Amino acid sequence: MWKTILRRVLIIIPEVFVLSILVFLLAKAMPGDPFTGSINPHTSLAHIHHLMKINGLYDPWYQQYWNWLVHLFHGDLGMSYEYQEPVTRIVGERAINTLWLAVFATVLTYAIGLPVGLYAGRHQNSRGDHAIRMYTYVTYAIPFFVILVMGLWIFGYLLGWFPTTGSIGTNVGSGFPAVISRLQHIILPGILQALFGLVGIVQYLRSEVIDATHSDYVRTARSKGVPVKDVFKHHVFRNSLLPITATAGYSITGLLGGSIYTETVFSYPGMGLLFVSAINYRDYTVITALVLMYGVLSMLGTLLSDIIMAAVDPRIRIE
Amino acid sequence: MSKSKLALAGMAALSVLTLAACSNGGQSSSDKTVKLPKAYNNTQKAVKGGTLKIAEVNDTPFTGISDPNLLSNAEDGDVFSPSTQDLFNTTKDYKFTNGGPANFKLDKSAKTITITLRDNLKWSDGQPVNAKDVEYAQEVMAAPDSTSQNYSDAMGQIEGMDAFHTGKSKTISGIELPDGDNGKKVVIHFKEMSPMMEYAGAGYFSEYAEPYHAIKDVPMAKLASSTQVRKNPLTYAPYKLDKVVAGESTTFSPNKYYWGNKPKVDHVSVQVVSDSAIEQALKSHKYDFTLGTLPTSKYPDIKKTSGYKILGERSRSFGYFGFNLGHFDTKKAENVSDKNKKMANVKLRQAMAYAINQDEVSKKFGNGLDERATTLVPKFYGKLHNDKEKGFPLNIKKANKLLDEAGYKKSGKWRQTPDGKPLTIKFACMKGSSTLQAAEDDYLQQWKKVGLNVKYVSGKPMEMNSFYSMLQAPSSDKYDMYLAAWSVATAPEQSQAYGKGAQMNMGHFVSDKNTQYLNNMDSAKAFNSSYQKKQFDGWQKYMNEQAAYIPRNEGIDYMPINKRVKNYTSLTQNQEFFADIALTSNSAATK
């Protein structure tokens with residue numbers, strides 16, 4: 001298996017190379033440039049051309065790509081045109097914020113979603129199941145943005161239980177107080193994100209459990225006299241979790257993807273907003289860095305999913 | 001100090017880099033907008049200290065550049081405003097005046113401007129602000145390897161600036177420090193003088209100083225990313241930066257070396273709050289006032305918020321329609337009007353202006369804050385706005401008459417060109433808010449009423465970058481007219497947007513009379529204010545007759561101020577706005 005994993009990792013290298021060229025070309029193909037977004041009647045267009053020139057934006061694409069590649073191997077992803085600071089620094093700051101929130105929300109999503117989904121499937125048509133289904137339908141019907149604004153209004157402003165904006169208090173020092181402040185700031189957006197995110201897991205898991213309950217191997221187990229509790233524990237739940245497990249690897253991309261809605265409503269500076277503003281302002285260096293990073297994470301996520309599947313399902317082997 | 005990016009929330013906007021936070025706010029009797037006070041006279045006694053909490057209304061994190069010479073968006077200007085100060089006080093018309101951190105003297109005959117720093121002006125580390133700091137500010141904006149996007153053509157009027165900007169010279173020969181680097185006097189020599197040099201925000205020179213002693217070793221290209229700019233900037237403003245949380249908040253404490261009135265509060269914090277959350281944030285009394293532009297759509301609810309006083313001032317946003325009338329000759333660096341362009345007929349343009357019902361659009365969507373603009377010089381400019389001009393109120397009959405006279409006869413549903421060909425007018429605009437889209441749809445329906453077949457370029461409003469790429473192309477037949485907006489500068493400079501050589505004259509309108517008016521407005525004679533007013537009035541009248549650009553809308557910016565805030569005035573001319581602000585209670589007023 002290790003050989004296979006190594007081989008898969010090695011295959012990722014040329015894939016990333018091709019991806020980087022595509023990303024680079026597509027970013028440049030977009031109309032506009034990083035500087036004309038700031039024009040005003042006082043703007044010297046000659047100065048805009050000067051800025052384009054000193055930033056190498058008039059060079060042929062292959063030369064720009066080569067320069068970028070050389071810098072990349074020196075750990076330099078370039079300077080952001082919009083932020084006027086190194087891309088690595090901006091992405092680093094935002095990635096930390098996003099990770100805090102995403103890890104909390106993801107853990108909460110699975111911690112609530114899995115037992116609730118299993119319960120709903122196990123107790124199909126019970127009152128509990130009806131309540132869960134009602135919750136999932138209603139939540140799914142409401143736009144995520146509205147859930148966030150309502151949650152912020154009720155728990156942030158009306159009840160005042162949680163901070164309402166940012167990722168950390170304005171006057172918090174470093175160390176332990178900073179950690180506590182960060183946790184306080186992610187609780188509300190994290191819970192709201194999880195309450196919305198778990199809907200898919202619950203619905204999926206519920207139907208998987210119901211399907212499995214009616215499958216032949218369950219009938220066989222039951223006819224052999226295996227107690228219902230053990231049938232669910234050893235057969236139904238394990239098999240029902242397989243599809244969820246299969247996608248778990250991909251969620252590492254989601255961990256750093258950020259949520260544009262959550263970040264906007266809570267003024268939480270994360271990767272989602274960074275990506276959108278980079279596209280709007282043609283911040284090529286940031287766009288390229290982020291798309292490439294997401295690409296690599298997706299490839300690793302796929303590999304991770306395969307490894308997890310092999311680990312949990314004895315029928316699957318990576319060869 | 002505020003600088004705007006192109007994509008202003010909720011409106012199709014070309015914005016302008018500007019150097020002052022607030023407008024002169026004059027409202028005349030002809031205004032159709034609500035009347036809001038410009039200052040809040042809180043007569044209660046101030047408490048000692050306290051924390052002033054400010055919300056920066058914005059949906060994106062700020063970039064963190066505290067240096068006004070380097071930043072390129074309004075958000076950074078706002079969140080660092082307590083620690084930013086212009087060198088000069090200004091009059092209510094935004095003309096430089098004495099009494100601020102530095103005095104200003106313009107000598108027309110010697111073609112110089114003399115900046116004299118006050119003796120007690122110090123950086124927040126106790127070092128004196130001296131002449132070298134003012135000189136270095138010009139270099140930060142103009143150095144060949146500077147990342148500043150704020151260098152303007154006007155700066156090229158400084159003697160020796162071109163050589164410095166292109167790297168041919170290491171110093172700007174037109175900047176003289178008569179008493180040496182550590183002196184207090186800076187003399188800037190210009191090639192030509194303009195009355196606009198008397199105004200803040202005209203862009204002829206940087207109106208700030210840079211702490212040369214602290215940043216001299218930082219390469220220009222890396223200055224914007226340095227800790228001296230992002231984490232520990234020095235300032236001569238009333239407050240100094242204590243902490244910045246990247247993209248989300250800034251906190252300040254009093255600068256003990258401040259030259260002016262002693263700052264009244266212990267701490268100032270500025271936090272980014274999203275458009276969607278600001279209304280609730282104010283209702284929860286979390287903030288004392290807001291920076292950034294509040295959405296017009298939220299005004300009806302926000303004005304009812306208890307504990308707040310609503311102030312208002314003339315907005316610098318100014319919407320207009322432009323017509324594609326020619327091209328930009330890149331070799332001669334000048335606009336050329338083309339008589340064969342589809343929109344070259346002045347009566348066609350006038351008819352389109354009279355056909356739209358902007359009064360109704362502003363009334364419907366403006367919540368009392370928006371009105372039809374009547375000339376290309378918005379009311380923000382006070383007396384330079386021509387009150388006698390009525391612009392283009394709805395007049396379908398007149399529109400039809402103009403089209404008939406010009407030979408655009410109807411053939412079935414639509415009008416044809418005078419030579420009998422089908423006429424389709426391509427209309428370009430940017431994606432914006434739903435209300436903007438509704439307004440644009442209304443314009444199309446109004447034009448349909450007079451038989452003009454107007455269609456969106458590519459069938460719908462355009463993405464921002466595509467829109468600007470098209471408009472800024474030297475020549476394009478992809479569009480016939482467009483809708484855009486400027487956030488005008490505090491200096492009433494017009495030639496850079498409408499002049500023959502102006503690349504921002506994106507409609508490429510050129511005429512001898514226009515050039516003559518613009519030259520007169522910029523001439524030495526225009527230092528005389530009555531002559532200046534006469535020329536401005538004449539130009540506005542002429543431009544309305546030509547209808548090359550149709551003024552669309554302008555309005556009022558509103559600001560909710562918590563009733564515990566004392567000494568709040570929207571007038572920032574004395575530069576002591578933040579130093580004077582005090583609080584009358586330790587908790588926010590709720591009634």
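In what order do the elements of chain A run from the N terminus on? They run α-α-α-α-α-α-α-α-α-α-α-α-α.

## The model and its conventions

This is a predicted model, in which local features need pLDDT of at least 70, side-chain atom pairs count only at pLDDT 80 or more, and totals for chains, interfaces and linings use all residues. Residues are numbered from 1 along each chain as its sequence is written, while chains are lettered from A and ligands numbered from 1 in the order in which they are written.

## Chain A in outline

Chain A has 13 helices and 0 strands; helices (H or I, at least four residues) and strands (E, at least two) are DSSP runs, numbered from the N terminus. The C-alpha trace of chain A spans about 85 × 55 × 40 Å along its principal axes.

Of its 319 residues, 35% count as buried. Here, a residue is buried if 20 or more other C-beta atoms lie within 10 Å of its own, exposed if 12 or fewer, and partly exposed in between, with C-beta atoms placed from the backbone. Two residues are in contact if those C-beta atoms lie within 7 Å. Among the contacts in chain A with a separation of 6 or more, 71% are accounted for by residues 24 or more positions apart.

## Helices H12 and H13 of chain A

H12(A) and helix H13 (residues 284-312) of chain A pack at an angle of about 135°, with their axes 8 Å apart. That makes H12(A) oblique to H13(A). Axes are lines fitted to C-alpha atoms, for helices over the stretch in contact, and angles run from 0 to 180 degrees between N-to-C directions; those under 35 degrees count as roughly parallel, over 145 as roughly antiparallel, 65 to 115 as roughly perpendicular and the rest as oblique.

Which residues meet in this pair? From H12(A) come Leu274(A), Phe275(A), Ala278(A) and Ile279(A), and they meet Val286(A), Ile287(A) and Leu290(A) in H13(A). By class, this contact has 7 nonpolar, no polar and no charged residues. Ala, Val, Leu, Ile, Met, Phe, Trp, Tyr, Cys and Pro count as nonpolar, Asp, Glu, Lys and Arg as charged, and the others, Gly among them, as polar.

## Where the chains touch

Across the interface, 41 residues of chain A are in contact with 53 residues of chain B. Helix H2 (45-54), helix H6 (144-158), helix H11 (260-265) and helix H12 (271-280) of chain A each supply at least two residues of the side that touches chain B. That side of chain A divides into 17 nonpolar, 20 polar and 4 charged residues.

## Nonpolar cores

A nonpolar core is a set of buried Ala, Val, Leu, Ile, Met, Phe, Trp, Tyr and Cys residues joined through C-beta atoms within 7 Å. In the largest one, of 200 residues, Met155(B) and Ala351(B) touch the most other members. Helix H7 (residues 176-213) of chain A gives this core its largest share, 10 residues. A second, separate core of 20 residues includes Met79(A), Leu274(A), Tyr284(A) and Leu290(A).

Phe328(B) is found in strand S15 (residues 326-329) and counts as buried, with 20 C-beta neighbours inside 10 Å. Beyond four places in sequence, Phe328(B) is in contact with Asn335(B), Pro474(B), Gln503(B) and His508(B).

Lys111(B) has a positive phi, near 55°, in a residue other than glycine, and sits in the loop between strand S5 (102-107) and strand S6 (112-117). Lys111(B) is partly exposed, with 17 other C-beta atoms within 10 Å. His285(B), also not a glycine, has a positive phi of about 55°; 21 C-beta neighbours inside 10 Å make His285(B) buried.
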